[in-house]
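Subject: Structure for your review

Dear colleague,

Please find below the structure that I am handing over to you. My findings follow it, and I would be grateful if you read them with the structure open.

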Amino acid sequence: MALKLGEILIKHSLISRDQLDKALEHQRTNGGKLGSNLVQLGFVTEDDITRCLSKQFGVPSVNLSFFEIDGSVLELVPSEVCRKYDLIPVNKAGATLTVAMSDPTNIHAINDINFITGYSVEPVVAAETSIKEAIDKYYGSAHTVELQKTLEKVQEQMEVEDVGDVQVLEETEELDLSDLTKAVEEAPVVKLVNKIIFDACIRGASDIHVEPYEKEFRIRYRIDGVLYIVLNPPIKLKDAITSRIKIMSRMDIAEKRLPQDGRIKVKLKIQDRIKELDFRVSVIPCLFGEKVVMRLLDKDRLMLDMTKLGFETESLNKFEVAIEKPYGMILVTGPTGSGKTNTLYSAIQKINRPEVNIVTCEDPVEFNIPGVNQVMMHDQIGLNFSAALRSFLRQDPNIILVGEVRDFETAEIAIKAALTGHLVLSTLHTNDAPSAITRLMNMGIEPFLVASSIHLIVAQRLIRKVCANCKEPIKVAPQALMEIGFSEEDARNITIYKGRGCQQCHSSGYKGRIALYEVLEVNDEVKELVLVGASALEIRRKALENGMVTLRQSGLEKIRHGVTSIEEVVRETLSN
């Protein structure tokens with residue numbers, strides 16, 4: 001092509017013989033194609049070359065910036081072939097495939113495309129630069145192919161490593177924001193995934209959602225319980241990004257039909273400080289690709305100081321008395337993501353002493369607590385909560401933590417353990433504390449077992465705190481405050497705050513979360529109601545008579561002290 005192109009350009013008086021010689025010398029020194037070297041030296045423009053070749057060979061020229069190429073056309077020709085020959089398919093009609101080429105005389109390229117696709121190839125001419133830009137636009141950046149090969153090599157290395165039954169991939173790399181901006185030679189998808197992880201940590205996200213749709217690919221962070229869209233990468237990168245995350249979490253990148261779970265452990269370098277983070281990763285197959293959710297397990301954000309969780313003073317006193325008892329059962333209820341695990345870990349931390357034996361069964365183990373024997377569930381091999389509990393009773397335990405009471409079998413063993421001299425802590429999914437009692441009886445547990453084993457039930461919710469940096473007082477009509485539960489006197493005297501929105505809270509007006517607690521003490525009066533099969537409503541009335549602080553009342557206290565807003569409390573609680 002080199003001499004042919006040179007002679008053609010001389011023939012059309014676009015360059016001189018001397019300019020051709022200089023371009024050939026420049027090509028020998030710097031590499032690349034002759035056309036690119038002629039353009040670099042300023043002897044011709046790409047449009048000159050395109051028009052000239054079009055005229056010489058009688059094929060049309062196209063401006064790719066005016067084209068929107070259909071995905072079904074792009075799928076016919078692999079990106080590696082496009083890059084090898086500097087071409088890109090632009091249209092198909094019947095048995096003919098139109099291909100934009102920088103060199104329409106390249107018979108080898110035309111034959112290859114014909115063999116790969118089975119279509120008759122009709123070449124058109126386009127500028128070399130515009131073809132490269134189109135390839136990057138539609139197939140991903142020039143590093144994508146190299147990225148996939150690198151990912152496959154890493155996967156091969158991981159398969160031959162003798163790592164036993166280890167669930168965590170120990171990443172030795174440190175993700176430094178300054179390094180990310182400098183490492184231009186690094187595969188772009190690797191940099192992108194690192195950047196997503198880094199930003200999620202900086203913003204205090206609890207989850208990262210990677211979601212492919214038909215015409216959109218988006219990344220969302222859950223910050224203080226609310227999801228925010230932070231990035232919309234090119235949809236062509238969805239497989240590469242998912243593969244990178246799956247390799248980091250030791251999943252099978254070839255399996256795209258079944259859900260998979262894994263874990264990642266990475267080191268982050270933030271302002272010269274090394275921070276270790278664990279991620280719990282879940283992948284599920286969806287209609288347009290695999291959705292990935294990464295749960296950030298940040299030890300630094302685990303609040304183990306019970307006085308800072310959000311308990312009212314009286315409720316905290318009841319809870320602390322209950323966890324110091326030698327036997328019995330304590331239940332923490334609430335929806336997924338309401339902070340139940342944090343409350344239980346705080347309780348365990350407070351009663352974790354050398355003279356007691358504490359065992360836990362969790363699905364999964366989220367944080368490691370020194371001095372506590374933690375067991376992770378594996379349903380696939382029959383290690384579930386009920387099986388683990390049976391084994392625990394032969395391990396001479398003082399305190400047992402059960403991740404969740406899901407069925408009759410688990411509930412029965414846990415309650416029997418509580419009645420035979422063990423302190424049992426567990427969680428249940430109910431809307432409020434009194435409903436936990438009726439839920440257990442609906443599972444099939446006899447009322448007398450429930451009444452004699454349970455000491456305390458805690459219901460909780462997480463609400464966002466008003467940003468301390470930008471909060472300001474607002475005017476609210478006293479009638480509106482009375483409608484949500486304030487007394488007439490309080491409604492006229494308290495000051496309500498709301499966040500204006502600033503850089504620190506990412507303009508949301510909220511930063512951080514705090515828990516609302518409803519603590520039901522199962523005293524003799526409540527036990528009598530349980531024994532006669534009373535409803536949750538009757539138990540609730542009796543608990544209120546005994547001074548139980550409800551979730552709404554806990555929220556009103558947070559509003560009174562300027563901790564949260566009216567909207568947050570109303571969103572998460574029901575009126576009394």
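The expected span of a helix is 1.5 Å times one less than its number of residues. Please keep in mind that the model is a predicted one. Helix 14 (residues 340–351) illustrates the calculation: with 12 residues at 1.5 Å a residue, helix 14 should span 16 Å, and because its end C-alpha atoms lie 17 Å apart, the two values agree. Several residues of helix 14 are buried, namely K340, T343, L344, Y345, S346, A347, I348 and I351.

For the protein as a whole, the secondary structure consists of 24 helices and 19 strands. Of the 576 residues, 49% are buried. Among contacts with a separation of 6 or more, 63% are between residues 24 or more positions apart.

I400 stands opposite V424 of strand 15.

Two packed helices are described by the angle between their axes and the distance between the axes. The axes of helix 21 (residues 524–531) and helix 22 (residues 536–545) come within 10 Å and cross at roughly 170°. Angles over 145 degrees count as roughly antiparallel, and helix 21 and helix 22 are therefore roughly antiparallel to each other. Helix 21 contributes E525, V526, L529 and V530 to the contact, and helix 22 contributes E538, I539 and K542. By class, this contact has 4 nonpolar and 3 charged residues, and no polar ones.

Finally, is V266 buried or exposed? This residue belongs to strand 8 (residues 260–270). Buried means under 20% relative accessible area, so V266, at 1% relative accessibility, counts as buried. V266 and N194 are 72 residues apart in sequence, and their C-alpha atoms are 9.8 Å apart in space.

With kind regards

Terms used:
Residues numbered from 1 in each chain as written. Predicted model: local features only at pLDDT ≥ 70, side-chain atom pairs only at ≥ 80, totals over all residues. Heavy atoms only, no water. Pairing = 2+ DSSP bridges. Helix = DSSP H or I, 4+ residues; strand = E, 2+ residues; numbered from the N terminus. Buried < 20%, exposed > 50% of the residue type's maximum accessible area, 1.4 Å probe, protein only. Axes fitted to C-alpha atoms, helices over the stretch in contact; angles between N-to-C directions. Parallel < 35°, antiparallel > 145°, perpendicular 65-115°, else oblique. Contact = heavy atoms within 4.5 Å. Nonpolar A, V, L, I, M, F, W, Y, C, P; charged D, E, K, R; others polar.
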